[in-house]
Amino acid sequence: MDHSRAPVLEALADFRRRGDIVYGPPGHKQGRGVDPRVLEILGPGVFESDVLLLNGLDDRRESGGILQQAQELMADAVGAEQAFFSTCGSSLSVKTAMLAVAGPGEKLLISRNAHKSVISAVIVNGTMPVWVHPQFDERLHLAHPPQPQDVEEQLRANPDAKGMLLITPTDWGTCADVRAVAEVCHRYDVPLIVDEAWGAHLPFHDRLPAWGMHADADLVVTSVHKMGAAVEQSSVFHLQYDRIDPTVLKQREDLLGTTSASSLVYASLDGWRRQMSEHGPELMARALTRAGRIRGRVAELDGLGLMGREVLGPSGAFDLDPLAITVEVRELGITGMQAAEWLREHHRVDVGSADVCRFNARITHADDDDTEARLMDALGRLISDAPRMGEAPPVRLPRPGALELETAVLPRDAFFAAAETVPADKAAGRISAELVTPYPPGVPVLAPGEVITDEVVDYLRSSVAAGTLIPDAADASLETLRVVAR
Ligand SMILES: Cc1ncc(COP(=O)(O)O)c(C=O)c1O
C-alpha cells in the first residue's frame, strides 16, 4: 500500500482549499464564530480542521471512502487484518472490545490489574468477570501482568468463558507474554483481547516488547495519544483471525460511540500512521537510545531506584518497555506523589503516574536533548532537596494477596443496588457499591461487589493521608465508603 498517502489529511486539505460553507455542525463554522480570545490560545487551525466526516470531509454516502482507506492503511502498517479508529479514547474502546466478546451475563476472563475503564465496562456491559490475578511483586509493591498458566487455570475452571482480556504494558511498563497467553486462549477456542493502551509504539521497532497483533492476539486496543503522536482520545481497534466478527464489533461500537467523531482525532491518527510507516524504526531507535542513556544515568543516582530487567522472571513480568522509566523513591524518604509535585513546582517537569513508592517518566520519539537534560537535572536536584520535603505519613502497604478480594456480588448488581454510606472503620465485611481507584495510575483497589477488608481500608486511608487521590469514590477522603445496603 502507498503509505505516503494520508486520506483524512488530504480530504481536510481539500475541504479547506474548496472553502465549503457548512450549514451543519460544528456551529463555530470552522472558527468563524469563535471568540478571538479562544483563537488566540488554541490557534485558528484547530477550528479550521474541525469538520464532520459525513457531508464534510467526505460526502453523505462516504463515497470517497476516506475513513475506510485510512483505516486500511493503519491495519497494513501494524500487521492487523482490520483497523477501526475510535475517537473516545481507549476508555470507550475497551468497553466495546469487551462487549464484542461477552454480552450481558456472559463470562470474560479479566486480569484484575485492569484500568478503571475495564471495571466500568464490567458494570456497564453486565459482564460476569472471572478475575485472573496479576503477579504481585512484593519487593516493589506493584502488580505485573498475569502468567499464561494463570489464564489456563481459569479457562479450565470456566469452560463457558467467552474470552480473555489482558492488560499489557502496565502503567509501569511491565509486559505480559502475549503470545503464550494467546496460545492458551486459542487452545480453548476463545479470543484474546489486549488492552495495549500504552503500546501504540510497539509495532515499529523489534527492540520493543512484542506488539499484540504480532503475538497472535485477536483484538488489540491502543491509545495512540499515550505513546504515539495523535491528539488526546485517539484510539484504534486492531483485529485479526475469525474469532471476533468485525460486524459484531462495529455494531457494538455503534452502541457506545459518538455520532460526532472528531476529525482532529482521525487526521492525527492518519498522520501518525504515515509518520511511523515512513520513519518509525529510525524514530523509535532514537527514542530507545535516549531512554537507554537516561536509564544508565538514573541507575547511577544514589537514592533513586530504576525499575529494570531484574523484574523479569518466572514469578515476575515477561518483558519491560524500556521507554517507560519507572523510578522508585522510597529510599529518599518521600513518596512518588511528593516527587511528582516537587518536580512540577520547582522544575516544570510533569511526570506520568505516581504512587506511594514511585513515579514514571515516559520517553517517546518526541523527546530531544533539551527535554532529556531537563529531566536529568531535575532528578539530580530531587535527590538533594528530598531531605527538606518533610516526611510523608507512613502508608500501610498491603501484604501480597491482600488485594485479591472476594467478589460476592456481580459488579453491575452491586453498583446499581440500594447503597448506604458507612464509616470506613465499620466497612470490613461489607460489599463495596463503588469503585475506589487511586489515580493515576487508575487501577481500582476496590471494585463494586468485592468484600471490603480492614487491611485494604487501612492501606487506602493511609495512602490518602499521604497524598493519594481517589477521584471516583463518593467520599474522596475515604472517611466513609459506599456499600451495598443490608
Ligand atoms: C491500561 C489502560 N487502559 C485503558 C486506558 C484508557 O485510555 P484512554 O485514556 O485513552 O481513554 C488507560 C488510561 O490510562 C490505561 O492505562
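In this predicted model, strand S6 (residues 164-167) sends Met164 and Leu166 one way and Leu165 and Ile167 the other, and all four side chains end up buried. On one flank, S6 pairs in the parallel sense with strand S2 (residues 107-111) over two bridges, and Ile110 sits opposite Leu165 of S6. There is also a parallel pairing between S6 and strand S8 (residues 192-195), this time over four bridges. Here Ile167 has Asp195 of S8 as its bridge partner.

Asp195 also leads onwards to the next strand, as it stands opposite Val221 in S9. S8 and strand S9 (residues 219-223) run parallel, joined by three bridges. Put together, these strands belong to an open sheet of seven with mixed pairing, in the order S1-S10-S9-S8-S6-S2-S3. S1 and strand S3 (128-132) take the edges; each has a single partner strand, so one side of each has no neighbour in the sheet. On average, neighbouring strands in this sheet are turned by 20° against each other, direction ignored.

Several helices go with the sheet. Helix H7 (residues 116-125) lies across S2, S3, S6 and S8, and runs at about 150° to S3. Helix H9 (residues 178-187) packs on the sheet too, touching S6 and S8, with its direction at about 150° to that of S8. In helix H8 (residues 148-157), the buried residues are Pro148, Asp150, Val151, Glu152 and Leu155. Their cover includes the strands S2, S3, S4 (135-137) and S6, along with helix H9.

Back in strand S2, Lys107 deserves a look of its own. Is this lysine buried or exposed? With a relative accessibility of 18%, Lys107 counts as buried, because the cut-off for buried is under 20%. Its side chain makes a polar contact of 2.9 Å with the side chain of Asn158. Neighbours within four places in sequence aside, Lys107 also contacts Ala102, Met128, Val130, Asp160, Ala161, Lys162 and Gly163, as well as Asn158 itself.

Helix H5 (residues 66-78) makes for a simple geometry check: 13 residues at 1.5 Å each should span 18 Å, and the end C-alpha atoms are 19 Å apart, which agrees. The buried residues of H5 are Ile66, Leu67, Ala70, Gln71, Leu73, Met74, Ala75 and Val78. As a general point, an α-helix has 3.6 residues a turn, so residues three or four places apart point the same way.

Not counting residues up to four places away in sequence, Gln69 touches Pro7 and Gly64. Its C-alpha atom is separated by 24 Å from that of Lys226, a residue 157 places away along the chain.

Finally, the aromatic rings. How many aromatic pairs does a search of the whole structure find? It finds three. One of them brings together Phe204 and Trp272, with ring centres 5.8 Å apart and planes at 85°, so this pair is edge-to-face. Phe204 lies in the loop between S8 and S9 while Trp272 lies in helix H12, so the pair ties together parts that are 68 residues apart in sequence. Both partners are buried: Phe204 has a relative accessible area of 8%, and Trp272 comes in at 2%. Another pair is formed by Phe415 and Phe416, whose ring centres are 5.2 Å apart and whose planes are at 85°, so it too is edge-to-face. Phe415 is partly exposed, with a relative accessible area of 36%, whereas Phe416 counts as exposed at 57%.

Methods: Residues are numbered from 1 along each chain as its sequence is written. This is a predicted model: local features need pLDDT of at least 70, side-chain atom pairs count only at pLDDT 80 or more; totals for chains, interfaces and linings use all residues. Side-chain values use heavy atoms; hydrogens and water are left out. Buried means under 20% relative accessible area, exposed over 50%, partly exposed in between (1.4 Å probe, protein chains only). Two strands pair if DSSP finds at least two bridges between them. The expected span of a helix is 1.5 Å times one less than its number of residues. Axes are lines fitted to C-alpha atoms, for helices over the stretch in contact, and angles run from 0 to 180 degrees between N-to-C directions. Contact means heavy atoms within 4.5 Å. A polar contact is a pair of N or O atoms within 3.5 Å; within protein, one must be able to donate a hydrogen and the other to accept it, and residues adjacent in sequence count only if both atoms are side-chain atoms. Rings of Phe, Tyr and Trp (its six-membered ring) pair if their centres lie within 6.5 Å; planes under 30 degrees apart count as stacked, over 60 as edge-to-face and the rest as tilted.
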